[in-house]
Amino acid sequence: MRQVQLSELEERVYDAVAVLESRGQVPYPDLIAEETGLTEEQLIAPLHQLTEKNLLHREDSPMAGLDFGPRFCAQQLT
């Protein structure tokens with residue numbers, strides 16, 4: 001299996017998403033920021049990088065008029 005190298009910040013963000021999901025919370029950027037102690041602006045780069053590495057995937061709101069922003073979900077590793 002291929003190992004993916006993560007920066008400390010990427011690992012922190014990925015772990016926060018996984019923790020939120022395990023609690024049954026939707027991993028919106030504001031909750032990820034709260035969990036990591038970062039600002040939403042500081043999350044932009046690591047969320048993008050984790051998405052590019054296929055460790056997170058972005059889901060936009062499926063319901064018109066009820067857009068709470070994107071949520072980021074951890075990919076299930078096999």
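Predicted model: local features only at pLDDT ≥ 70, side-chain atom pairs only at ≥ 80, totals over all residues.
Trainee: How many helices and strands does the chain have?
Mentor: There are three helices and two strands. Helices (H or I, at least four residues) and strands (E, at least two) are DSSP runs, numbered from the N terminus.

Trainee: What pattern do they follow along the sequence?
Mentor: The pattern is α-α-α-β-β.

Trainee: What share of the chain counts as buried?
Mentor: Of the 78 residues, 31% count as buried. Buried means under 20% relative accessible area, exposed means over 50%, and partly exposed is in between (1.4 Å probe, protein chains only). The areas come from the Shrake-Rupley method.

Trainee: Now charges. How many salt bridges are there?
Mentor: The count comes to two. A salt bridge is a side-chain nitrogen of Lys or Arg within 4 Å of a carboxyl oxygen of Asp or Glu.

Trainee: Which residue does Lys 53 meet?
Mentor: Lys 53 meets Glu 10, with 2.9 Å from N to O. The pair links distant parts of the chain, 43 residues apart: Lys 53 is in the loop between α3 and β1 (56-59), and Glu 10 is in helix α1.

Trainee: Are those two buried or exposed?
Mentor: Lys 53 is partly exposed, at 30% relative accessible area. Glu 10 counts as buried because its relative accessibility is 4%.

Trainee: What else does the side chain of Glu 10 reach?
Mentor: The backbone nitrogen of Ser 7, at 2.8 Å. For a polar contact, a pair of N or O atoms must be within 3.5 Å; within protein, one must be able to donate a hydrogen and the other to accept it, and residues adjacent in sequence count only if both atoms are side-chain atoms.

Trainee: And which residue pairs with Arg 23?
Mentor: Arg 23 forms a salt bridge with Glu 35, the closest N and O atoms being 3.0 Å apart. This pair also links distant parts of the chain: Arg 23 is in the loop between α1 and α2, Glu 35 is in helix α2, and they are 12 residues apart. Glu 35 counts as partly exposed at 33% relative accessibility.

Trainee: Which residues gather in the negative patch?
Mentor: Asp 30, Glu 34, Glu 40 and Glu 41, on the surface. Patches are made of residues with over 30% relative accessible area and no salt bridge; like charges are joined within 9 Å, and nonpolar side chains (Val, Leu, Ile, Met, Phe, Trp, Tyr) within 5 Å. Asp and Glu count as negative, Lys and Arg as positive, while His and the chain ends are not counted.

Trainee: Which helices supply the patch?
Mentor: α2 (29-36) and α3 (40-52) each supply at least two of its residues. Asp 30 is in α2 and counts as partly exposed, at 42% relative accessibility.

Trainee: Staying in α2, what does the side chain of Thr 36 reach?
Mentor: Thr 36 sits in that helix, and its side chain reaches the backbone oxygen of Ala 33 at 3.2 Å. The side chain of Thr 36 also reaches the backbone nitrogen of Leu 38 at 3.3 Å. Thr 36 is buried, with a relative accessible area of 7%.

Trainee: Where is Thr 39?
Mentor: Thr 39 is in the loop between α2 and α3, and is partly exposed at 37%. The C-alpha atoms of Thr 39 and Pro 29 are separated by 9.0 Å, with the residues 10 apart along the chain.

Trainee: Switching to Asn 54: what about its phi?
Mentor: Phi of Asn 54 is near 60 degrees, a positive value in a residue other than glycine. Asn 54 lies in the loop between α3 and β1 and counts as exposed at 52% relative accessibility. Its C-alpha atom is 8.8 Å from that of Ala 74, 20 residues apart along the chain.

Trainee: Last one. Is Ser 22 buried or exposed?
Mentor: Ser 22, in helix α1, is exposed, with a relative accessible area of 63%. A polar atom of the Ser 22 side chain lies 2.7 Å from the backbone oxygen of Val 19.

Notes
Residues numbered from 1 in each chain as written. Heavy atoms only, no water. Areas by Shrake-Rupley, 256 points an atom, 1.4 Å probe, with all protein chains shown as cover. Charge placed at Lys NZ, Arg CZ, Asp CG, Glu CD.
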